[in-house]
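Please keep the sequence and the structure in view.

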Amino acid sequence: MTTNSSEFASCQTSAPIDPKLAMGWMHTARFLTTAAQLHHLPPVDVPEIAFVGRSNAGKSTSINTLTQQKQLAFASKKPGRTQHINLFALGKQGVTDAVLADLPGYGYAAVSRSDKERWQRVMLNYLMQRESLSAVVLLCDPRLGLTELDEALLDAIRPRVEQGLKFLVLLTKADKLTRSEQAKILSITKLNAGGGEVRMFSALKKQGVDDVAQLLWHWCHPDGLKPATPAPATPEAAAPVDTPATPDTPVQ
Ligand SMILES: Nc1nc2c(ncn2[C@@H]2O[C@H](COP(=O)(O)OP(=O)(O)O)[C@@H](O)[C@H]2O)c(=O)[nH]1
Ligand SMILES: [Mg+2]
């Protein structure tokens with residue numbers, strides 16, 4: 001048997017569905033709750049997709065573009081100010097079949113060191129322990145590429161990726177690059193993304209929007225219209241994480 005699990009996963013995610021279905025589903029996003037700490041988040045029994053990335057990577061703008069809502073995730077001009085985990089429910093007819101989690105951006109220089117460390121800790125605890133977490137979307141400005149903090153995040157989720165957690169590196173602001181620059185950074189990032197999906201995205205030009213919506217839809221509905229159940233957290237993830245995974249890494 002030559003088919004490995006990642007090949008199988010990419011076969012599944014490439015099966016065509018009507019992009020209007022996926023975009024309509026994304027558009028159902030509505031605010032669920034906000035929490036400053038992990039233990040304040042309610043447990044959910046549907047797949048949860050976390051959006052993470054450096055401050056200013058384009059996270060809020062991407063969430064607003066994918067959900068076709070102007071103000072769902074606040075697209076702040078002052079990066080680093082959104083210091084809560086915000087949950088949004090997805091699903092038609094008010095029936096929640098997935099949740100989007102908007103996590104605080106990291107790497108913003110003007111935040112104090114203690115705040116940075118606190119947020120790295122909250123984020124890593126979330127990524128390692130949150131039981132409903134089924135997929136991670138890592139937003140990355142392709143002009144910076146995957147930074148040290150992005151790599152630390154990928155390292156932190158690797159055990160869960162091996163257990164079925166899905167992840168997508170979303171290269172934002174594609175409109176700032178030429179076609180050939182896009183092709184180049186896409187192939188470099190694919191090499192560094194350790195088996196995750198990689199897509200180019202532009203909120204400005206609406207590039208990649210349908211494709212990403214379809215991918216997320218498939219992740220949450222692997223059996224067609226039947227919703228998925230979340231991937232289990234790893235046993236190691238049960239213990240609280242007291243120190244950031246990158247204690248010696250100066251936050252840029
Ligand atoms: N040109 C361009 N700018 C973008 C795009 N997405 C976001 N931006 C800009 O990048 C800045 C940071 O975006 P924001 O969504 O607030 O980033 P966040 O800190 O990751 O949530 C804002 O000035 C956005 O207008 C895009 O697709 N193209
Ligand atoms: Mg933001």
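The expected span of a helix is 1.5 Å times one less than its number of residues. In this predicted model, helix 4 covers residues 113-129. Its 17 residues should therefore span 24 Å at 1.5 Å a residue, and the end C-alpha atoms, 24 Å apart, agree with that value.

The buried residues of helix 4 are Lys116, Trp119, Gln120, Val122, Met123, Leu124, Tyr126, Leu127 and Met128. An α-helix has 3.6 residues a turn, so residues three or four places apart point the same way. The cover over the buried residues of helix 4 includes strand 2 (48-53), strand 3 (85-90), strand 5 (133-140) and helix 5 (148-162).

Leu124 counts as buried because 20 C-beta neighbours lie inside 10 Å.

The largest nonpolar core holds 61 residues, and the members that touch the most others are Ala50, Leu127, Val136, Val137, Leu138 and Leu170. Helix 7 (residues 209-220) supplies the largest share of this core, eight residues. Beyond its neighbours within four places in sequence, Val137 is in contact with Ile49, Ala50, Phe51, Leu168 and Leu170.

Attention now turns to the ligand. Around ligand 1 there are 19 residues, of which Gly58, Lys59, Ser60, Thr61 and Ala203 come nearest. Helix 3 (residues 59-67) gives the most to this shell, with three residues. By class, the shell has five nonpolar, 10 polar and four charged residues.

At the level of the whole chain, there are seven helices and seven strands, and from the N terminus on the elements run α-α-β-β-α-β-β-α-β-α-β-α-β-α. Of the 252 residues in the protein chain, 41% are buried. Among contacts with a separation of 6 or more, 76% join residues 24 or more positions apart.

Finally, the confidence of the prediction should be considered. The protein chain averages a pLDDT of 83, and 80% of the residues score at least 70. Over residues 1-14 pLDDT stays under 50, and the model has seven contacts beyond four places in sequence for this stretch. Over residues 235-252 pLDDT also stays under 50, and here the model has 29 contacts beyond four places in sequence.

Note on methods. Residues are numbered from 1 along each chain as its sequence is written. Chains are lettered from A and ligands numbered from 1 in the order in which they are written. This is a predicted model: local features need pLDDT of at least 70, side-chain atom pairs count only at pLDDT 80 or more; totals for chains, interfaces and linings use all residues. A residue is near a molecule or strand if its C-beta atom, placed from the backbone, lies within 6 Å of it. Helices (H or I, at least four residues) and strands (E, at least two) are DSSP runs, numbered from the N terminus. Ala, Val, Leu, Ile, Met, Phe, Trp, Tyr, Cys and Pro count as nonpolar, Asp, Glu, Lys and Arg as charged, and the others, Gly among them, as polar. pLDDT is the predictor's confidence in each residue, from 0 to 100. Two residues are in contact if their C-beta atoms, placed from the backbone, lie within 7 Å. A residue is buried if 20 or more other C-beta atoms lie within 10 Å of its own, exposed if 12 or fewer, and partly exposed in between; C-beta atoms are placed from the backbone. A nonpolar core is a set of buried Ala, Val, Leu, Ile, Met, Phe, Trp, Tyr and Cys residues joined through C-beta atoms within 7 Å.
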